[in-house]
2 protein chains.
Amino acid sequence: MKFGLAAGALPLPGILLSFTTMSLKRSTVQSLLASQELDREVLVKGWVRSRRGNKYVQFIIVNDGSTIHTIQAVANAELFPEESLKDVANGASVAIRGQLVASQGKGQAVEIQAAEITVLGKADPETYPLQKKATSLEHLREIAHLRPRTNTFGAVLRIRHALAFGIHQYFNDHGFFYVHTPIITGSDAEGAGQMFRVTTLPPEHPPRTEDGSVDFSQDFFGKQTNLTVSGQLEGELAAMALGSIYTFGPTFRAENSNTARHLAEFWMIEPEVAFNELEENMDLAEDFLQYLVRYALEKCADDLQFLNDQYDKELLDRLRSVTDNAFQRLTYTEAVEILKAAKKKFEFPVDWGTDLQSEHERYLVEKHFKKPVILTNYPKEIKAFYMKLDEDGRTVRAMDVLFPGIGEIIGGSQREEDYDKLTARMAEMHVPTDELDWYLDTRRFGTVPHAGFGLGFERLVLFVTGMGNIRDVIPFPRYPKNAAF
Amino acid sequence: MKFGLAAGALPLPGILLSFTTMSLKRSTVQSLLASQELDREVLVKGWVRSRRGNKYVQFIIVNDGSTIHTIQAVANAELFPEESLKDVANGASVAIRGQLVASQGKGQAVEIQAAEITVLGKADPETYPLQKKATSLEHLREIAHLRPRTNTFGAVLRIRHALAFGIHQYFNDHGFFYVHTPIITGSDAEGAGQMFRVTTLPPEHPPRTEDGSVDFSQDFFGKQTNLTVSGQLEGELAAMALGSIYTFGPTFRAENSNTARHLAEFWMIEPEVAFNELEENMDLAEDFLQYLVRYALEKCADDLQFLNDQYDKELLDRLRSVTDNAFQRLTYTEAVEILKAAKKKFEFPVDWGTDLQSEHERYLVEKHFKKPVILTNYPKEIKAFYMKLDEDGRTVRAMDVLFPGIGEIIGGSQREEDYDKLTARMAEMHVPTDELDWYLDTRRFGTVPHAGFGLGFERLVLFVTGMGNIRDVIPFPRYPKNAAF
């Protein structure tokens, strides 16, 4: 099929798409770069990353978000006098129709010989915030609404998507059911962290009871409610009926932590499996994490290569260290002995009964074993009330999975399924049983051994992308004094 | 391999699992029922649905949540005297080891000849809330923490899972990226509904400014924040970089609606596609919904058959009416003419310019066209500010997809990509432009035509399961005066 423009029909930027263009289906940059079928008419739409050239020919580099790669459109000066391309600038959106051909230049296999170029939306070089010159990740955080247009954040967001999909794929393939546990919760009993209050009471003059305190019975839900810190307890209810379940939803911490590792709003994955004990819980966590890292290596090869080259030359090696090694399993007690015998001087002392710090976790993973580690059987005093007591009465069937560069990436446990032992632990730890009566019903009626864990999604994305700050692996981070966009 | 118990090793309920049992891997009920491999030793774990029989033989019916179906274990009185089975009652959890054999009875293809039965957790028949006798959906809502153990809610939750997975599968297959838009938002500009406030200020005595008003600058985020009503605006930002995106997250409405169709907390799916116009948006919505209903029909055949037989004999027919018919597309103006000419007397009058009521939508779908309908080009006054103005200046490129029994299941539009037109509409509708300056940047820099829609996930589950009340298709419903569990 012959095509092209008569001399009198020179396209001008900003004009409406012609009928020819409209009837041709848009191809993504990704599909064009992967295409074996050359010498055909194609239509690409996207954003200009750059334009360069001379008075004979101009090269327009276009990205449409489908891949980190760009496609090059070649605009011949006979068809496109330079003044007709003045708005084809960095950040502008364009539709380019032309012939897909083998590229003459190096760096790309195919390119488009442009027949028609339409500027859909300009981007004034004077004011467009994403200029070619390198900009810092800190600055990009200020313009988080535009940063997905950069190579780095495009890569991070595509990897984030792939990991999310891989999580659903894994669980679906393994017979798990996705359960949506509530975001607004009337219970604050788990004690996993400080909570945000959710309310519709007027802030200036809330209704008061006779004794002058705020009358929460008039609040939307008839009582004080908060944003969830974990879906685990509700997840256990579902596992006691459906067998194997997982959650994947937002969780919240109202903690004043202004660090590169904390968010006030983040996403968590919490599988829970009836009849699983600690050993099977570890098997699940290890297989799951290896699957996800392998999945990313396979599906996001280009994005990971970019991040490896640009930010962190050891990224791909670190990812392969997870997929290629069985995780080292040992007890907390054994780990404490290793740490006490270590030559390294730690900032925080190590003593049986105290929680391990990030420096200890990373020493075990990065220096001592040089692979991921699963620590088990922690002292009961430093773990949650619902973890199953070991026979020695001193430790619980907890497990933390520790990763290089990250420290704890998963925390989980076998749960205490015995009603009497569970309520005794709750009394010891001052967890009110009346508020959790519904939870205790699982132990009253047909209780079974069960186990599960929590994976912080952003921790996983941080690990896989190699980014240094957790605010850079979620599109719109929430932290103290920041809820922009 | 020979197995079985010597006479002196009779299993007693409540004893620990023997070594034999422990070393055999648990099979799910679903895998056993689908198994072609008979006459082998198997181990099943689950909850007793019933036990019946006589002094020679007892039949124990077990479900483990992996399927709506149960497996029957046959306990011979020689191995299991009746008194050893007294705790094998409805709701108790058991582990049963035995031979998987072809069933002698009717109603099941295979059964287990029990060799060992262990009660893992009792369920006292005097107090266990889920007794055999039929119980109402209303009552089950009061014990939402246990209702997943019923056939009905097991089916609903498995279908809910399948639909959620189908959504991710569809978008992943079509090159969309999953984007997590923020749950806590500083913007309340979209006006989609009343919002919940999120705060850490002390409710009794919040800090005040000099003029006596609450000092939100001291709140966690340094200003007043709310729970999101929609991720669309942030989704548009991402689509302007990644091309095709979708959200799938919780959204909130603080409306005092105590109906069978409203929840205060619900999940929403919002795809947004750069370069799509209204026509392509309709194509996407239709293909997507047909895919999902087809997916459920295929993956959840048994659960849907159960709901069809138990609650709604027209359910499967209604689902097929969606997959087998192209959706009828017409404009709002055409629909108003049909409704005005209708013989049916409506409760609410129909006049051009007023919003259609559920009775009107259902008349079009159920009586007039007898298939799903997509209405387009609504009057601008009854739609949101961001919808693209039609050339007539009176209507916008909105689209609502209407389903039988449900009414509106999807609402969407092509977006106004022109900066001047958009800000003019915002001014007309008193939407503050300064708060949405970040959103307007998409129209300042490289703007493109784009379109998207929102699908209420619970509306979809309601349609596919045929349930009558939206509180019965989410595990833990939130509505006025209710945030239990």
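**View 1. Salt bridge between Arg208(B) and Glu204(A) in the predicted model.** The side chains of Arg208(B) and Glu204(A) form a salt bridge, with an N to O distance of 3.1 Å. In total, two salt bridges are counted between chain B and chain A. The model shown here, as in every view below, is predicted. Polar contacts across the interface of chain B and chain A amount to 42 residue pairs, both residues of each pair having pLDDT 80 or more. On the side of chain B that touches chain A, helix H4 (residues 151-173) of chain B contributes the most, with ten residues. By class, that side of chain B consists of 57 nonpolar, 33 polar and 21 charged residues.

**View 2. Area buried between chain B and chain A.** The size of an interface is often expressed as the accessible area lost when the parts come together. Chain B and chain A bury about 8700 Å² between them, and carbon and sulfur atoms account for 64% of this area. The contact involves 111 residues of chain B and 112 residues of chain A.

**View 3. Pairing of strand S9 of chain A with strand S9 of chain B.** Strands of a sheet pair through backbone hydrogen bonds, in either a parallel or an antiparallel sense. Strand S9 (residues 197-199) of chain A and strand S9 (residues 197-199) of chain B run antiparallel and are joined by three bridges. Val198(A) has Val198(B) as its bridge partner, and Arg197(A) has Thr199(B). Both S9 strands belong to an open, antiparallel sheet of six strands, ordered S8(A)-S10(A)-S9(A)-S9(B)-S10(B)-S8(B). Its edge strands are S8 (184-185) of chain A and S8 (184-185) of chain B, each of which pairs on one side only.

**View 4. The eight-stranded sheet of chain B.** This open sheet has mixed pairing and the strand order S7-S11-S12-S17-S16-S15-S14-S13. Strand S7 (177-178) and strand S13 (328-331) of chain B are the edge strands, each pairing on one side only. Within the sheet order, S16 is listed between S17 and S15. Strand S15 (residues 395-403) of chain B runs antiparallel to strand S16 (residues 407-414) of chain B, and six bridges join the two. Opposite Met399(B) stands Gly412(B) in S16(B).

**View 5. Contact between domain 1 and domain 2 of chain A.** The domain assignment divides chain A into domain 1 (29-121) and domain 2 (151-193 + 229-472). The C-alpha centres of the two domains of chain A are 46 Å apart. Six residues of domain 1 of chain A and six residues of domain 2 of chain A take part in the contact. About 460 Å² is buried between these domains, with 46% of it on carbon and sulfur atoms. Arg49(A), Ile68(A) and His69(A) lose the most area on the domain 1 side, together 79% of what that side buries. How many salt bridges and polar contacts cross this interface? There are zero salt bridges between domain 1 and domain 2 of chain A, and three residue pairs are in polar contact, both residues at pLDDT 80 or more. The side of domain 1 of chain A that touches domain 2 of chain A has one nonpolar, four polar and one charged residues.

Technical notes:
Residues are numbered from 1 along each chain as its sequence is written. Chains are lettered from A and ligands numbered from 1 in the order in which they are written. This is a predicted model: local features need pLDDT of at least 70, side-chain atom pairs count only at pLDDT 80 or more; totals for chains, interfaces and linings use all residues. Side-chain values use heavy atoms; hydrogens and water are left out. Contact means heavy atoms within 4.5 Å. Buried area is the accessible area (1.4 Å probe) that two parts lose on being put together, summed over both. A salt bridge is a side-chain nitrogen of Lys or Arg within 4 Å of a carboxyl oxygen of Asp or Glu. A polar contact is a pair of N or O atoms within 3.5 Å; within protein, one must be able to donate a hydrogen and the other to accept it, and residues adjacent in sequence count only if both atoms are side-chain atoms. Helices (H or I, at least four residues) and strands (E, at least two) are DSSP runs, numbered from the N terminus. Ala, Val, Leu, Ile, Met, Phe, Trp, Tyr, Cys and Pro count as nonpolar, Asp, Glu, Lys and Arg as charged, and the others, Gly among them, as polar. Two strands pair if DSSP finds at least two bridges between them. Domain bounds come from an automatic or database domain assignment.
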